Amino acid sequence: MKTLLPRSAKSTSKPLTYGVLAIATVTLLGGCAQQQAYSVPGGCCKAPIEEAPKSYVVLIPSPDGTVGEIVVKGASGEQVLNKAGQAGTIEGQALQVDDKRIKGDFGDTIAALPKIPVHYLLYFSSGTTLSSASNALLPEIIAEAKTRPAVDISVIGHTDTLSSDAYNDKLALKRATRVSELLEAKGLKANSLIIESHGEKNLLVKTPDNTREPKNRRVEVSVR
Amino acid sequence: MLRIFVIVYLVLAGHAMANELPIGHVKNVSGEASITTGEKKIKAEVGSPVHQGSRLETGKKSSMGVTFNDETVMSFGADTVFTVDEYLYSPNQGKLKFGSKLAKGSLNYVSGVIEKLKPDAVTVGTPSGVIGVRGTQFLLKVEK
């Protein structure tokens, strides 16, 4: 098989060998009908490519601008994608796909992406009484909810580690319930609303047990 | 006799799934789309619930957007079949898992809270293998 590779492919670095083999195979089987649809980095593969694989994956930046990582495992191996625009076959091979093709294949899919959820943190001056700054956030939450089709809301209560687990489970639920009542009283309408208590199990600021920490006494409102 | 037991179990399991709380909801639909949970198939509309075990499908020239409880956001292009095999989102109990599969079609995936809290808890299966997801956005196309 290797002797059939185009000469230019031999200079390609090793990790790309699978991709080159695949391209070479497609080229040999399919002839030279089209302009190349994708290429392997490094300037090889001047020979026209019949077509790119029908199945593939592309990593793109998150809505917040960060780039995470995906690991593609398939019959041909495993490939880590961790750079914006990096692509691979679903078999686990490296691949480069041009933007035009990505737009053609995914334009309608990308256009259907729902609005990215937002969440708010509300703090308490004491017990279940919201701080005045947090109280002032409620109209903003309702306004955000109105911009979304069939908006779903989660209201999740948290406490600090003062007192027992059981007490804090109840207090966090009281806080979340209070916030959902306030939101509904101010006109919130939702497709679904979930009230949850995470008690003292999901601390924003890690502290030892029995520690007063105002930043942990909070309710999260997820607007989706 | 054993066979009868198995069938009864599957029917009950189907009902149980449909009665569980939704794990996400449809946010937009263009063209034809459906959600099948257990034995029950519904036409997908804005606000329709998605459950653990649901199979989401879109028709020709169709698309659908879904937002999950943990803020994972997905959209599907035409001729797609996507299943949610496992969805666990109980951070206070440490139960976090999101296992799904794209059998065919196209997917735009944006990470939610599950993988922030537990890296390696999120996988998207394909006919050729599996994709492990760690806090990001990606596009996936599966065509036979």
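**View 1. Five strands of chain A make an open sheet.** In this predicted model, the strand order is β7-β6-β10-β8-β9 (chain A), with mixed pairing. Strands here are DSSP runs of E with at least two residues, helices are runs of H or I with at least four residues, and both are numbered from the N terminus; two strands pair if DSSP finds at least two bridges between them. At the edges stand β7 (129-130) and β9 (192-197) of chain A, each with a single partner strand, so one side of each has no neighbour in the sheet. Look for β6 (residues 118-126) of chain A, which runs antiparallel to β7(A) and is joined to it by two bridges. A:Phe124 has A:Leu130 in β7(A) as its bridge partner.

Residues are numbered from 1 along each chain as its sequence is written, and chains are lettered from A and ligands numbered from 1 in the order in which they are written. As the model is predicted, local features need pLDDT of at least 70 and side-chain atom pairs count only at pLDDT 80 or more, while totals for chains, interfaces and linings use all residues.

**View 2. Helix α4 (residues 138-146) of chain A lies across β6, β8 (152-157) and β10 (218-223) of chain A.** The helix runs at about 20° to β10(A); axes are lines fitted to C-alpha atoms, for helices over the stretch in contact, and angles run from 0 to 180 degrees between N-to-C directions. Helix α5 (residues 165-185) of chain A also packs on the sheet, touching β6, β8, β9 and β10 of chain A. Its direction makes about 155° with that of β9(A).

**View 3. Chain A and chain B meet.** The contact takes 45 residues from chain A and 42 residues from chain B, where two residues are in contact if their C-beta atoms, placed from the backbone, lie within 7 Å. Among the strands of chain B that each supply at least two residues are β1 (24-30) and β12 (137-142).

**View 4. A strand from each chain pairs here.** Five bridges join β1 (residues 56-60) of chain A to β12(B), and the two run antiparallel. Follow A:Leu59 to its bridge partner in β12(B), B:Phe138. Leaving aside neighbours within four places in sequence, B:Phe138 is in contact with residues including A:Val57, A:Val58, A:Ile70 and B:Tyr109.
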